[in-house]
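The stops below are given in the order in which to select them.

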Amino acid sequence: MAQPNALESRTALVTGSSKGVGRGIAVALASAGADVIVNFNSDREGAETTASTVRSLGRRAWVVQADVGKAVDIERMFGQIAAWEAAVDILVNNAGVQTWKPLLDLAESDWDRVLSTNLKGCFLCTQSAARHMKERGWGRIVNIGSGCNKLAFPGLVDYTASKGGIEMLTKVAAVELAPYGITVNCVAPGAIEIERTRLEASDYAATWAAATPVGRVGQPEDVANAVVFFANPSSSFITAQTIWIDGGLFARPYWPYHE
């Protein structure tokens, strides 16, 4: 993890940071010295809680509503950021939604919602932030992927497609933006215990800890620490990479023998 104040004088925009992993990322960046712009779509109360935590760490925080899948919202959000006289040095594309349905039952509207938020939102925010970063000759963009970047997740075809797309968007953006001093990397979590994932199983932590080689489920700070690493100035020679925050989960193959 970066040293305290390694991100002093930097400002980070974290999309979807009203709760869960996004909140953990916002707080970790603040702990490393960054001011934070907290983006939310519908949970203003949660966003205000995240901002309050950031301020308790002695950093500035702003709260801005935007549906990242809508270009008009992104334009308004960056206009608001400019009005605050803030500059986005670090962008974390975290906002994401899921639909749990089999491929044959998935509605077009479900597909459109997930791809719009997860993949199109990553594209729109990356494009807008990078245009400003280019002018300053420095920037860090970190996209939040998933274990489904590596493996097929049954029942999550739209989510899996969006996250796989994010990994390739990361690589192309990294190559195109490198000449401007901008790095672009992807953090791909495994089983992380947050409000949403606890609804997936009656005992989510125990279920996934048993399948994870390190013997525990992940927490938001595990993902956040990797984001802070990529945001750090000392990571300037690392770009177009995906790092797996999964406790070894997706390196373990199906093994039919009992140990």
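Predicted model: local features only at pLDDT ≥ 70, side-chain atom pairs only at ≥ 80, totals over all residues.

Residues are numbered from 1 along each chain as its sequence is written, and side-chain values use heavy atoms, with hydrogens and water left out.

**Cores**

Start by selecting Ile25, Leu29, Val92, Val187 and Val223, which touch the most other members of the largest nonpolar core, a set of 35 residues. A nonpolar core is a set of buried Ala, Val, Leu, Ile, Met, Phe, Trp, Tyr and Cys residues joined through side-chain atoms within 4.5 Å. Here buried means under 20% relative accessible area, exposed means over 50%, and partly exposed lies in between (1.4 Å probe, protein chains only).

Now colour by element; helices (H or I, at least four residues) and strands (E, at least two) are DSSP runs, numbered from the N terminus. Elements giving two or more residues to this core include helix H1 (20–31), helix H2 (44–56) and helix H7 (220–231), along with strands S2 (35–40) and S3 (61–65). Which element gives the largest share of this core? H7 does, with 7 residues.

Next, centre on Val223. Leaving aside neighbours within four places in sequence, Val223 is in contact (heavy atoms within 4.5 Å) with Val21, Ile25, Ile144, Val187, Pro189, Ile192 and Ile245. There is also a second, separate core of 28 residues; select Ile74, Ala86, Cys125 and Leu169, which are among them.

**Rings**

The whole structure holds 4 aromatic pairs. Rings of Phe, Tyr and Trp (its six-membered ring) pair if their centres lie within 6.5 Å; planes under 30 degrees apart count as stacked, over 60 as edge-to-face and the rest as tilted.

Select Phe153 and Phe250: this pair is tilted, 5.8 Å centre to centre with 35 degrees between the planes. Phe153 sits in the loop between strand S5 (139–144) and helix H5 (157–177), and Phe250 in the segment after strand S7 (242–245), so the pair links distant parts of the chain, 97 residues apart. Phe153 is partly exposed at 23% relative accessible area, whereas Phe250 is buried at 12%.

Move to Phe229 and Phe230, whose ring centres are 5.4 Å apart with planes at 50 degrees, so this pair is tilted. Phe229 is partly exposed at 38% relative accessibility, and Phe230 is buried at 3%.

Two rings have a charge over them (NZ of Lys or CZ of Arg within 6 Å of the ring centre and within 35 degrees of the ring normal). Select Trp138 to find the charged end of Arg10 over the ring, 3.7 Å from its centre. At Trp244, the charged end of Lys150 lies over the ring, 4.2 Å from its centre.

**Cysteines**

How many disulfides are found in the whole structure? The search gives 0, a disulfide being a pair of cysteine sulfur atoms within 2.5 Å. The closest cysteine sulfur to that of Cys122 belongs to Cys125 and is 7.8 Å away, too far for a bond. For Cys148, also in no disulfide, the nearest cysteine sulfur is that of Cys186, at 9.9 Å. Cys122 is buried at 2% relative accessibility, and Cys148 is buried at 4%.

**Two loops**

Go to Asn149, in the loop between S5 and H5. Asn149 is buried, at 15% relative accessible area. The side chains of Asn149 and Glu167 are joined by a polar contact of 3.3 Å. A polar contact is a pair of N or O atoms within 3.5 Å; within protein, one must be able to donate a hydrogen and the other to accept it, and residues adjacent in sequence count only if both atoms are side-chain atoms. Not counting residues up to four places away in sequence, Asn149 also touches residues including Lys163, Cys186 and Trp244.

Then select Glu193, in the loop between strand S6 (182–189) and helix H6 (204–211). Is Glu193 buried or exposed? At 18% relative accessibility, Glu193 is buried. The Glu193 side chain makes a polar contact of 3.1 Å with the side chain of Gln219.

**Two backbone angles**

Most residues other than glycine have a negative phi. Ser9, in the segment before strand S1 (11–14), has a positive phi of about 80 degrees, and is exposed at 62% relative accessible area. Finish at Glu85, where phi is positive and near 60 degrees. Glu85 lies in the loop between helix H3 (71–83) and strand S4 (90–93) and is exposed at 74% relative accessibility.
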